[in-house]
Amino acid sequence: MNVPILSIIVFLPLVAAAFIALFVNKKNENVVKWTANVVALVDFFLSLTLLRGFDFATAELQYVEQMSWI
């Protein structure tokens, strides 16, 4: 299965920030804190999966994502 994990790691905090900005009011700061912490933990564990699969013995590019444009 070819999951674009780098893109998920990069754009997940952006999506969470947009969610917080659009749907959460400022009076409910617990939701903001919990959302930010959960997204940070998910991002951290996704980056750990990258580290687990990294090959330190090679100098070649790893985790390259290629998408076709229009």
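These legends walk you through a few views of one predicted protein model. Residues are numbered from 1 along each chain as its sequence is written, and side-chain values use heavy atoms, without hydrogens and water. Because the model is predicted, local features need pLDDT of at least 70 and side-chain atom pairs count only at pLDDT 80 or more, while totals for chains, interfaces and linings use all residues.

View 1. Helices (H or I, at least four residues) and strands (E, at least two) are DSSP runs, numbered from the N terminus. Along its principal axes, the C-alpha trace spans about 50 × 35 × 20 Å.

**View 2. Phe54 meets Tyr63.** Four aromatic pairs turn up in a search of the whole structure. In the pair of Phe54 and Tyr63, the ring centres are 6.5 Å apart and the planes lie at 25 degrees, so these rings are stacked. (Rings of Phe, Tyr and Trp, its six-membered ring, pair if their centres lie within 6.5 Å; planes under 30 degrees apart are stacked, over 60 edge-to-face and the rest tilted.) Ring pairs also bring Phe56 into a cluster with Phe54 and Tyr63.

**View 3. Leu41 sits in helix H2.** Its relative accessibility is 47%, so Leu41 counts as partly exposed. Phe54, at 35%, is partly exposed, and Tyr63, at 30%, is partly exposed too. (Buried means under 20% relative accessible area, exposed over 50%, and partly exposed in between, with a 1.4 Å probe and protein chains only.) Across the chain, buried residues make up 13% of the 70 residues.
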